[in-house]
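Thanks for coming. Please have a look at it first.

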Amino acid sequence: LKYAPERHFTDKEGKNQMYDEMWTANWWWDTQKKLPMGSTVAPLILSSDKTQLSQFRGDKSAWPVYLTIGNIEKSTRRKPTAHATVLIGYLPVAKLDNFTDETRSVQGYRLFHYCMHRLLSPIIAAGKEGVDVTCADGFIRRVFPILAAYVADFPEQCLVACCKESYCPKCRVKPNERGELVQSLMREQPRTKVILEHKESGRRVAAFHEEGIRPVFNPFWADLPHTDIFTCFTPDILHQLHKGVFKDHLVNWCLQIAGADEIDSRFRSMPGYPGLRHFKNGISFVSQWTGREHKEMQRIFAGLLIGAVQPAVLRTAVAVIDFIYYSQLQVHTSRTLEGLQKALETFHENKDVFIREGIREHFNIPKIHAMVHYFEAIKSRGSPDGFNTESPERLHIDYAKEAYRASNKKEYVHQMTVWLGRQEAVARFRAYLDFIAARDLISDGATHLNSNADDDGDDEESVTDEPVHSNPSSPLTPSISVKPAFPRTTINALNTQFKAASFIPTLTTYIRRRIPPPALPLLPNSADRFDVYKRISIVRPSNPATGFPKSVDRLRATPHVPAKGRSKAVPAHFDTVLVRVGDANENQHTKGTYLEGLRVAQLRAIFALPEHLRHSRLPNQLAYIEWFTTFRAPHADSGLFPLTRASRNNGPITEIIPLDSIVSSCHLIPRFGTKYHPAKWDSDTVLEECKSFFLNKYLYIQTFFELEQQLHV
């Protein structure tokens, strides 16, 4: 738990501020100044979302309201098993049949605010005067619970803000100006309260209609202290960006311009990569879309658009994907926020191409306008991953759907609350038993240590339980399996199955370079046999800024396996990798970036030298690769680095390298040209048959972060 705000910077000068947890953002600092000295803020984070309970039949629904606090780390808040987010109530899901069609919507708004007022009324006095609380560290603090964030989708944001859905719930922008990059005045809670009071008294208030306010005269947030409900709305990456701006709008616009067949052919021909979804039927035939499919499309969408659409369309698409990737960073800095804002500006500078092409008439779309508020929202409340609407949707399983299934489906809300109360009691008792067991274990361990304290053993060895951490800046060490997958492979098999046609001359060149004259090392010949391995494994460290977990990067070099019996044929996998080439091959286009000193190659064979060829100057395990050309200047409209296969005398340029020269895997997107349909290649052969590619920086948020940040520093 954190009890006070903090400011973090990445530089000693304090110019590049970090925005991560809520206590590193500006809202907590601003609120702290309004409270008495020594006060502790408990930022309340509310979320509500209506969910369907019955399946296949019936219309049973629930409307849970969840509560958590910003003092808890967001990684803990996201874990349902941590119970850091609690259910505080169910809102009624009423049809309101007794009202007319003209009044039913307004009465629904008023009912919502009445119920929320009943739920939150205890925090009004507590937020004004504070409450003495014994905290987890044993200290008693004067805590002020203050509503800081409200996690909801766009319709529910409008419901909370008491405004019509054709207006922005955060600012006073006109409905016909939402498609432009304009800085409008923000809605203000005191001002809105006055407008509602005047409207209730019967006065004519022009602002009431100009700002699209609903006649909800007693909003639940009216009396909440130190709260501005309009700044509490946090970015909704799932509905606003993944599903909204990207899938519902950008993808559909590009499909209309390039043609569904053209885009589908490019998706079908995309080279495979471990963990990357292959849309084998394209995207036109996907029947059900989820956030996962949207994210998978974003990983390759910008690269496959090159040549299929006009440059302005491509720049618009790249700007949208850049914005989405920046918004997903789990630790923001002043520089990443500049990149986020630059992507938004680029989108608005180029989006009019869709009007010129007859695809759109305007851009007055709520989800596009919502992008304007991301910059300030992150600076105010912290990175958006702490307020994602995916978390409440996951909680529906535990707090709504499972509870409903435990009922007899009649008067189910009461039964659900009783069942949940019992579940929470069991969870608390289980936590108590775990605490007692852990305390006894610690007590037994201390007794054991004390009993051995007087031993005078002669053993000089000591054992520590502290983990050994490797230096993240040190080169990552590749590893291979103990046993080779293809033992004693012949030169002929290497030439044909692994397509290592120049294996012997390339290995000879490598040995002579490492063991120069006058030494006379043994050289390979056609009778030698080599142990060949399937893959290289490289452990990649985690990156808190991108949420990239510690993972194993597996680089494959496996030949085609023909069908046999009932087993299907397995295509060959010769992955592309980034290889460290050092300063001798300095490239001005990548100088100062993550790619400095790196070059792309394709793995053909991972092998070990036989006993008679081993030497103290030679590594035992080596890799046979085919080079691609060095990186050229980034593509003007996509920002991706182009490259082609390096060749000499109409053949590939090959080399033998030690395994520790390989940094990581990488993904290449073929240069499809302007018209690719009908497809000339499939995903299994495109890497061999195509000659021109782009390095895919959108493969992971991690790769995007590494390339983008250093390109713009």
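Of the 85 residues in the largest nonpolar core, the ones touching the most other members are F267, F301, L304, L305, V600 and L695. A nonpolar core here is a set of buried Ala, Val, Leu, Ile, Met, Phe, Trp, Tyr and Cys residues joined through side-chain atoms within 4.5 Å; buried means under 20% relative accessible area, with a 1.4 Å probe and protein chains only. Helix 12 (residues 311-327) gives this core its largest share, twelve residues. Helices are DSSP runs of H or I, at least four residues, and strands are runs of E, at least two, both numbered from the N terminus.

A word on the source: this is a predicted model, where local features need pLDDT of at least 70 and side-chain atom pairs count only at pLDDT 80 or more, while totals for chains, interfaces and linings use all residues. Residues are numbered from 1 along each chain as its sequence is written, and side-chain values use heavy atoms, leaving out hydrogens and water.

Back to L305. Beyond its neighbours within four places in sequence, L305 is in contact (heavy atoms within 4.5 Å) with C254, I263, R266, L314 and A317.

I263 and R266 are among the buried residues of helix 10 (residues 260-268). What covers the buried residues there includes helix 9 (237-258) and helix 11 (291-305).

Four strands form an open sheet in the order 11-14-15-16, with antiparallel pairing; strands pair if DSSP finds at least two bridges between them. Strand 11 (478-479) and strand 16 (573-574) are the edges, each pairing on one side only. Two bridges join strand 11 to strand 14 (residues 535-540), and P478 stands opposite I538 in strand 14.

Conventions: Buried < 20%, exposed > 50% of the residue type's maximum accessible area, 1.4 Å probe, protein only.
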